[in-house]
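Here are some exercises to work through with the model open beside you. Try each task on your own before reading its solution.

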Amino acid sequence: MATAASENPKTRLRDLGLDREDAVQMYRDMLVTRGIEERGHILFRQGKIPGSFYTGRGNEGAAVGVSFASKPQDHLGPLQRDMGVHIQRGLEPWRVFAQYMGRVGGPTKGRDGNVHIGDIKLGIVGMVSHLPAMLPVGVGLALSYKIKGERDRCAFAWSGDGASARGDFHEGVNMAAVRKLPVVFIMDNNQWAYSTPGNLGYNTEHPSDRAKGYGIENVVVDGTDALAVYEAVAAAREKAVNGGGPTIVECVTLRMEGHAVHDDASYVPKEDFETWAAKDPIERTRRFLLDSGMTEDEDEEIRSGVKRFLVEQLEKAEASPEPDPSTAATGVYASPEELDTPHH
Amino acid sequence: MAVMTYLQAISEGLRDEMRRDERVFILGEDVGQYGGAFKVTAGLQEEFGEWRVLDTPLSETAIVGAATGAALGGMRPVAEMQFADFVSCAWDHLTTVSAKQYYRMGTPIPMVVRLPCGGGFSGGPFHSQMYDGYFAHVPGLKVVLPATPEDAKGMMIEAIRDPNPVLFFEHKNLYRRIKGEVPEGNYSTPFGKARVAREGADITIIAWSAMVHTATDAAEQLAKEGIDVEVLDMRTISPLDFDAIATSVTKTSKCIVLYEDTRTGGFGAEISARIMEELFETLDGPVKRVATLDSPIPFSPVLEKVVLPQVEDVITAVRELSAY
């Protein structure tokens, strides 16, 4: 696996072109991400979340690391383990809580649920359940940049280790490779496709090794190391926007909870959970920051600040009204005046 | 006005709109250098370049998925399925992503999928199908089916300008068979407004796409028997101009729905049901359906003729209904 060039905290950030504020911001985004999903569990148990509930525990570092390497003008199509992308791009947590609860304050106004979130103003395309259907959509976004001659714009299109077995993945990656489009393919490899282990999903060492079949490169990175993810993705982005074609960046993690709230993940060996818990992405970033000069007091201030922030955000979400029943079957078709509003 | 074929009219609509709006681009298999399997896009790559008339790999899923993404990216994609039949490979993207993105996320998806459709020339089970009913059933998609060259051009321009995913069914059996006057310049034909293709007083035939011609051919023969048939060309089935149906059926009091999709569950069944619900009091006979038999489309000309609605089938149905 690719690791960062330097293990020394101070030089490592410098080598990546980041400063300590950036690392603190990543840490904070990861804390907010986990905090949202932990509170989501509570809301679900309280009966406030209809339907099901999904989290990305263990993937916070990969999601935030990828998103940090994107630029404001980019589009991203994250999936159900990538709440960190939404948070890093600026989605306010109260809108996520409102989405969970089906309230009008959520990005889909109660029309869709759980992690089917997207706000095009933040450059995020809302995912669908048919994974990885958003991957060819990302290819189309990259195609739009190419046709318009937008040179520093890149699309980020996700799949998982499981979803990479579907035709959408192969057709999308192939088309982007043939045309050397400015897109980076992110593969969340959390080792389990619902209850199906990787060895029943692909016959290569790494699922991203299929890149060779499309004549493109893949990079396998430790997804619990947000900085390593950032480094790999920033390099892939640079290559993509300079005409070098797409790269598959595979972020290896372990899905630390079940597929969704109903699933206890009893099929995952306990020792695997223990091994990966020791590599927890948030704790890893915290230790990195402490090694690079953050004090325990500063850490406490960040953590308590996130807690206070999320309490306020949850209150705001609970105040968000239920959708108006009379709107249920409206807004199925767009009207022409909605078309020419610039997205972002 | 110039006289041109249905195929030429589609090409002209594409070319006009690409000249007017640089966001419009075409993607599909063999559309560029080769000009498309039916030559609808012939000459366009020479004029607009390799990237605006983009040859893709054989990947219907990626073609439609990329069209959705390009629409989100501010473009006006026109995706070609080489045959309408192959849209089955892109079903997921149309019904799951394109159709629902606006309802869920509030982001319009202005895209067109061109679908060379229909039978009548021994295309067999995989090059002859009429998939209109499947898609008209999906909220969020528009389904449009021009029957004349004038409409083919105007509806192509309208489809490109529409802020929603539009499935443009162009009938292969009309491509070179049907010629007509086409206005010069850039005009668009609004969706959801049916056209009276032939005025009549006795019986209404509701049809669209190639079946409009089958209906008018039958009507000309029936006129000799003293039966005055009105033919309504729906032009689009999603949106559906039910007001036009109501006006015509109220006038004639008898109607036949003629459609090329297979009979059971085809869109004509929906129209028939709605007439029963809303126009029952105006009817002087049962709403009849003439449609493709519930069978795959066979290859042999002898068999295909049995399965697809023919002028004679329409004449028989009209006579029966007339005598009711």
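**Exercise 1. Decide how enclosed helix 7 of chain A is, and find what surrounds it.**

Solution. Begin with the count: nine of the twelve residues in helix 7 of chain A are buried, so this helix is largely enclosed by the rest of the structure. Keep in mind that you are looking at a predicted model.

Next, pick out the buried positions. They are Asp168(A), Phe169(A), Glu171(A), Gly172(A), Val173(A), Asn174(A), Met175(A), Ala176(A) and Ala177(A).

Now look at their partners. Within chain A, the buried residues pack against helix 6, strand 2 (155-160) and strand 3 (183-189). Chain B contributes a partner too, namely helix 3 (60-72).

Then check the length. Twelve residues at 1.5 Å a residue should span 16 Å, and the end C-alpha atoms of helix 7 of chain A are 16 Å apart, so the two agree. Finally, step just past the end of helix 7 of chain A, where Lys180(A) has a positive phi of about 45°.

**Exercise 2. Describe the side of chain A that touches chain B.**

Solution. Start with the totals: 37 residues of chain A are in contact with 33 residues of chain B. Two elements of chain A give two or more residues to this side, helix 6 (134-148) and helix 7 (167-178). Which of them gives the most? That is helix 6 of chain A, with eleven residues. To finish, sort the side by class: 18 residues are nonpolar, 13 are polar and six are charged.

**Exercise 3. Work out how helix 8 and helix 9 of chain B meet.**

Solution. Find helix 8 at residues 242-252 and helix 9 at residues 267-279 of chain B. Their axes come within 11 Å and cross at roughly 65°, and the crossing is right-handed.

Helix 8 of chain B brings Phe242(B), Ile245(B), Ala246(B), Val249(B) and Thr250(B), while helix 9 of chain B brings Ile271(B), Arg274(B), Ile275(B) and Leu279(B). By class, this contact has seven nonpolar, one polar and one charged residues.

**Exercise 4. Judge the overall form of chain B, then one of its helices.**

Solution. Chain B holds eleven helices and 14 strands. A compact globule of 324 residues would have a radius of gyration near 20 Å; chain B has 19 Å, which agrees. Its C-alpha trace spans about 60 × 40 × 40 Å along the principal axes, and 58% of the residues in chain B are buried.

Now zoom in on helix 6 (residues 149-161) of chain B. Its 13 residues reach 19 Å from first C-alpha to last, close to the 18 Å expected at 1.5 Å a residue. This helix of chain B is mostly covered, with twelve of its 13 residues buried, including Glu150(B), Met155(B) and Ile160(B).

Methods
Residues are numbered from 1 along each chain as its sequence is written. Chains are lettered from A and ligands numbered from 1 in the order in which they are written. This is a predicted model: local features need pLDDT of at least 70, side-chain atom pairs count only at pLDDT 80 or more; totals for chains, interfaces and linings use all residues. Two residues are in contact if their C-beta atoms, placed from the backbone, lie within 7 Å. Helices (H or I, at least four residues) and strands (E, at least two) are DSSP runs, numbered from the N terminus. Ala, Val, Leu, Ile, Met, Phe, Trp, Tyr, Cys and Pro count as nonpolar, Asp, Glu, Lys and Arg as charged, and the others, Gly among them, as polar. The radius of gyration is taken over C-alpha atoms; the globule rule is 2.2 Å times the number of residues to the power 0.38. A residue is buried if 20 or more other C-beta atoms lie within 10 Å of its own, exposed if 12 or fewer, and partly exposed in between; C-beta atoms are placed from the backbone. Axes are lines fitted to C-alpha atoms, for helices over the stretch in contact, and angles run from 0 to 180 degrees between N-to-C directions. A crossing is left-handed if the near helix is turned anticlockwise from the far one by less than a right angle, and right-handed if clockwise. The expected span of a helix is 1.5 Å times one less than its number of residues.
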